[in-house]
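Hi,

Here is the structure I promised to pass on. Have a look at it first, and my notes on what turned up follow below.

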Amino acid sequence: MKFIGKLLLSILLLLLLIIVLIYVLLQTSWGAGWVGRMVTQHSDYQLSFNKITHSWSDPSDIYFDNISFGQKERRATLVAKRLVAGFSIGQFTNPYHFSRIQLQDGTLNLDPASLAFPLEADVLQLNGMAIQSPYGGWELNGQNVNAGVTPWKPQTGFPLGRNARFQISARSLTLNGIPAENVLVQGEINNTQLRLDNLGADLSQGELTGNARRDEDGAWQVDNLRLSNVRMQTAQSLDEFLRQLSEVPKITIHRFDLIDARMEGKNWAFSDLDLTLRNITFQDGDWSSDDGSLSFNASDLINGAVHLNDPIANMTLSPQGIEIRQFSGRWQGGLMRTSGRWLRDGQRLELDDFMVAGLEYTLPGQWLDSWLQPLPSWLSDIQVNKFTANRNLLIDINPAFPFQITALDGYGKNLVLARDHQWGIWSGSLNLNGSDATFNKIDVRRPSLALTAEGGRVAVTELSAFAGEGLFEATAVINQQGERGFTLNLNGRAVPLNVLQRWGWPVAPLPGNGNTQLTLAGKMPANAPFKPFLNGRLHALNAQGQTADQIMVNGELAPAAP
């Protein structure tokens, strides 16, 4: 018995010696290399580290220095200055489960195509790590990241596991090209559901706070999102910028606040913008809402040649469209105000009241070409039930026929200004008058215009102006369809007879002042000169009793008939 006892004691001492030897060898560079080679040769992963360290003052932790780990023939998933693995009693039943795993001062590359980590832990901690995920629809790059995940059970496609609580902070983080600093995210993962209980960041010199969740179908629900004091610049046009925002997955915003924002892009800018958006869903480049609202105000809104000062808007959103309760702003030195609605059915804009006052507006150089261009797909018809204009100045500097109208007033009723995506005066009545005007360097007084439109046909019932010591009066009929045929009847009494030459007639009929009668018919086809289609007759009588008759055929004067 003594022999057996001595033998067993010797075996135990030998085993203890072997364990001590292995314990010592594993903490050498040779032992670290041997462990790394064993893992690399007998698994789908490659592992290397410089040193294993263990201290009996903290017996449950093992330290791995300068560790590199990842799937074979792929970029290393983990490169860290130190990995700390905390052991627990559960290690005996599940050797890959640790009480905690801590990563310090390194880089974590998240590739959804890589195999999941073969490790798991009650707690995963990141200290001073860089996180990179340049894959798929979420391109992420974070620096100086500190994080905690409880529990951590990674699976393929789920680097943080299927069910976990997490808290992440980062000094800087870039998501899909959008940089942010001082980021804090707290939330929970439940299979494909993601809940962000607290989201905060410094974004474009401003502050972002909010909370949101992602449902099982991938749709996002934003309960509250607040972005304040943003100062952003981009090289994108406004259409490109808005299209980028609309390309996100289905997202429902219950409340979004943009406070004191200054944003600038290619040919557009917003200054001191405050905006609140409620209860709206964006999906596939479109929006929907059952009971939403949009309100905003700013000091300046610029989009191309349009510059609004102090715009204010309040709108309600519904399945039928947008109710414009209020929209006002200062434009071209004057005031603009309207209310109405945009209807989704028919893509129709109906304005109950549209008022402009005090404008000093110079028409753009190619305004006639713009008038012929079709409207965008979301806007088919425009109707203004009541139009009012007060004390406006309208200028066209086109050298071929410049004009200016001073103190322009107007009133319109039931005007249809666009139909089937095409500008025009398709229906309604309009009256315009000014105090003074200049048409191709000819001064006139009290210009006045009255017209009615129906079925694409415009009838000018009154067109008059004082010129010199006399008066011009005219009527006209214009067809806005097909080749746009028109007729004009113009009478002048005691007017300068050379005025018609300045307004386009080839030759002045007589010198001095007198009476004149002009009948003209023609066509105004799109994107083509209309002079070759003009036919008409001019009869003039001057103060000396001289008469003249001129006939125009296809835009050229012909001998008068006897």
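**What I found**

Of the 562 residues in this protein, 39% count as buried. Bear in mind as you read that this is a predicted model. Its average pLDDT is 86, and 90% of the residues score at least 70.

**Overall shape and surface**

The secondary structure is 5 helices and 35 strands. The C-alpha trace spans about 155 × 40 × 35 Å along the principal axes. The radius of gyration tells a related story: the protein has 39 Å, whereas a compact globule of 562 residues would be near 24 Å. Among contacts with a separation of 6 or more, 44% come from residues 24 or more positions apart.

- Thr 150 and Pro 151 are joined by a cis peptide bond, with omega at about -20°. Pro 151 sits in the loop that runs between strand E7 (138–150) and strand E8 (163–175).
- Ser 204 has a phi near 50°, which is positive even though the residue is not glycine. You will find Ser 204 in the loop between strand E10 (193–203) and strand E11 (206–214). Its relative accessible area is 25%, so Ser 204 counts as partly exposed.
- Asn 229 is another non-glycine residue with a positive phi, this time about 60°. Asn 229 belongs to the loop between strand E12 (220–228) and strand E13 (231–237). With a relative accessible area of 30%, Asn 229 is also partly exposed.

Is Asp 257 buried or exposed? Asp 257 is buried, because its relative accessible area is 8% and the cut-off for buried is under 20%. This residue is part of strand E14 (residues 251–266). Leaving aside residues up to four places away in sequence, Asp 257 touches Asn 224, Leu 225, Arg 226 and Leu 227, along with Leu 275 and Thr 276.

Glu 473 is in strand E30 (residues 470–479). Its relative accessible area comes to 33%, so Glu 473 is partly exposed, given that this class covers the range between 20% and 50%. Which residues does Glu 473 touch, not counting those up to four places away in sequence? They are Leu 463 and Ser 464, then Asn 489, Leu 490, Asn 491 and Arg 493. If you want a distance to check in your viewer, Glu 473 and Pro 399 are 25 Å apart in space, C-alpha to C-alpha, and 74 residues apart in sequence.

When you open the file, I would start with the Thr 150–Pro 151 cis bond, then go to Asp 257 and its contacts.

Cheers

How values were computed. Residues numbered from 1 in each chain as written. Predicted model: local features only at pLDDT ≥ 70, side-chain atom pairs only at ≥ 80, totals over all residues. Heavy atoms only, no water. Helix = DSSP H or I, 4+ residues; strand = E, 2+ residues; numbered from the N terminus. Rg over C-alpha atoms; globule rule 2.2 N^0.38 Å. Buried < 20%, exposed > 50% of the residue type's maximum accessible area, 1.4 Å probe, protein only. Contact = heavy atoms within 4.5 Å. pLDDT = per-residue confidence, 0-100.
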